Amino acid sequence: AVLSDIAGMGGGAGLQEARAMHVGRPLSERRTDMYSFCNPGEFQSSPFLSTRGNIANLFRGSTEEGYKAYHADKYDEDKNPNGIINFGTSENKLCFDLMSNKLNQSLLCVFLSLREEVARFLTYYCKAPAPLKAENVIVLNGCGSLFSALATVLCDPGEAVLIATPFYGGITQSLFLYGNVKLVYAYLDSKITGTSTRPFQLTVDKLEKALQDARSESVGVKALILLNPQNPLGDIYSLSELRDYLEFAKRHELHVIVDEIYMLSVFDESATFHSVLGMDRLPDPQRTHVMWGISKDFAVSGIRFGTLYTENQDVANAVASLCYFHGVCGPVQHKVAQLLRDRDWINQVYLRANHARLKAAHTYVTDELKTLGVPFLNRNAGFFVWIDFRKYLRTGTFEEEMLLWRRFLDNKVLLSCGKAFECSEPGWFRIIFADKTHRLQLGVWHFLPFYITQSCLQLWPPHSLLKLPSIPGLLCFS
């Protein structure tokens, strides 16, 4: 098998019939809207998908049957001489021998085995009660692409997805720029009130309020996004919390997109991560979709590899139809498959070292923050500490927060301010601690005390600011 076999591009019978029906009509009767030859009203639609998701599903679904049959019964002159011969894929097989010798044939034959490796990997590390199935795995070039694809197939333009703030701001771009899908915010804050037992705690009451507020304004909410572990807070949801959130979504017929990209970055043994895939029973399995990628847990940011696990084949097919635009190249597939199957190395070498280093770095940064008297959330997952600089803001505005952020940047320290995460309270910042000790020392010990004691109280008015001397080197807290 080669990658073009797996991709299934080129159009299947159902899609060709749609084109023929369109072309056969009188010109005056042909649709000229965004769906062109494909009128969604003429085909059976899935209740789980948006209008454009059903169209994407048509593209994928009409070709998938033929390619599944081909891969199940592929012609081989020695092993399966009566198998299916592929005359459907536009591919030059005349020089495959030359290219396989040049590139290494294994790089061109990995996609199905990669999905199998992902399924086995997630079964083990998510503690799934039963083996996860390779056919439910979709691979795209990063979790950002997965967010974009899911927004496109679950929502139509102008519809919305519910999410708790603060949250990783890149999600906004992924949903809006690609699919014109809005976000509805369930605002969390640092106060412990009502059913809350910790700062910035997500509760069903807060989700209910945000959803009802949106619906009162006629905003169609189609899904809920959960980040677990949470970025930037570092929270890990308990099993009971996860069950409550999923039951809430089921009551309102919302899809749930669960981003677990930091699931192996829980660095303290006292904390326990629970994957949605490890739950004995999902309240609504057809509307529950779990994402994970290698960039965070395996320290390879920049290598774009994200995976989606969903039992809903309509959603899987619709997302897979966008693989053409978001595919993962063969060499990366090959290397990732090798990585994921090497469980001994992951368990005995990598995770032990990674957790120990994360814990040591987190301890160093939080100890220094305690020494400086800077409040923060003390959590045990991810690469970040959520710190509270509100006492350095005189009137508590986001303008002052941005001014403080710029003063840090002017002095060679880049942090992320709370506004970038849609935090409801000005003055919160995210610091990344997953860095080398000497850079942590430079940024936290040598620079922050000097800056906070001598500069923060002189922030206002802006024209009175005095530029502090720059510190050599750069600590990147992004």
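A residue counts as buried when its relative accessible area is under 20%. That cut-off is applied here to a predicted model, beginning with the strand β11 (428-432).

In β11, the side chains of Trp 428, Arg 430 and Ile 432 point one way, while those of Phe 429 and Ile 431 point the other way, and all are buried. This pattern can be set beside a general rule: in a regular strand the side chains alternate between the two faces of the sheet. Because five of the five residues of β11 are buried, the strand is largely enclosed by the rest of the structure.

The strands paired with β11 come next. Strand β8, residues 384-388, is joined to β11 by five bridges, and the two run antiparallel. Within this pairing, Phe 384 stands opposite Ile 432 of β11. Strand β10, residues 416-417, also runs antiparallel to β11, and two bridges join them. Here Cys 417 has Phe 429 of β11 as its bridge partner.

Rolling a probe the size of a water molecule over the atoms shows where empty space is left. The largest pocket has a volume of about 1,200 Å³. It is lined by 45 residues, and those closest to its centre are Ser 295, Lys 296, Ser 301, Phe 383 and Ala 434. The largest share, eight residues, comes from α13. Sorted by class, the lining of the largest pocket has 25 nonpolar, 13 polar and seven charged residues.

The helix α13 turns up again in the second largest pocket, where it gives the most to the lining, with seven residues. This second largest pocket has a volume of about 610 Å³. Its lining is made up of 25 residues, and Lys 127, Met 263, Leu 264, Val 266 and His 355 lie nearest its centre. Two or more residues of the lining come from each of α5 (111-125) and α13. By class, the lining of the second largest pocket has 13 nonpolar, seven polar and five charged residues.

Taken together, two elements link the parts of this account.

Definitions and conventions
Residues are numbered from 1 along each chain as its sequence is written. This is a predicted model: local features need pLDDT of at least 70, side-chain atom pairs count only at pLDDT 80 or more; totals for chains, interfaces and linings use all residues. Side-chain values use heavy atoms; hydrogens and water are left out. On a 1 Å grid over the protein atoms alone, a cavity is a set of points where a 1.4 Å probe fits but cannot get out, and a pocket is an open set with protein on both sides within 12 Å along at least five of seven lines; lining residues have an atom within 4 Å of a point. Grid points are joined across faces, edges and corners, and a volume is the space filled by probe spheres set on the points. Helices (H or I, at least four residues) and strands (E, at least two) are DSSP runs, numbered from the N terminus. Ala, Val, Leu, Ile, Met, Phe, Trp, Tyr, Cys and Pro count as nonpolar, Asp, Glu, Lys and Arg as charged, and the others, Gly among them, as polar. Buried means under 20% relative accessible area, exposed over 50%, partly exposed in between (1.4 Å probe, protein chains only). Two strands pair if DSSP finds at least two bridges between them.
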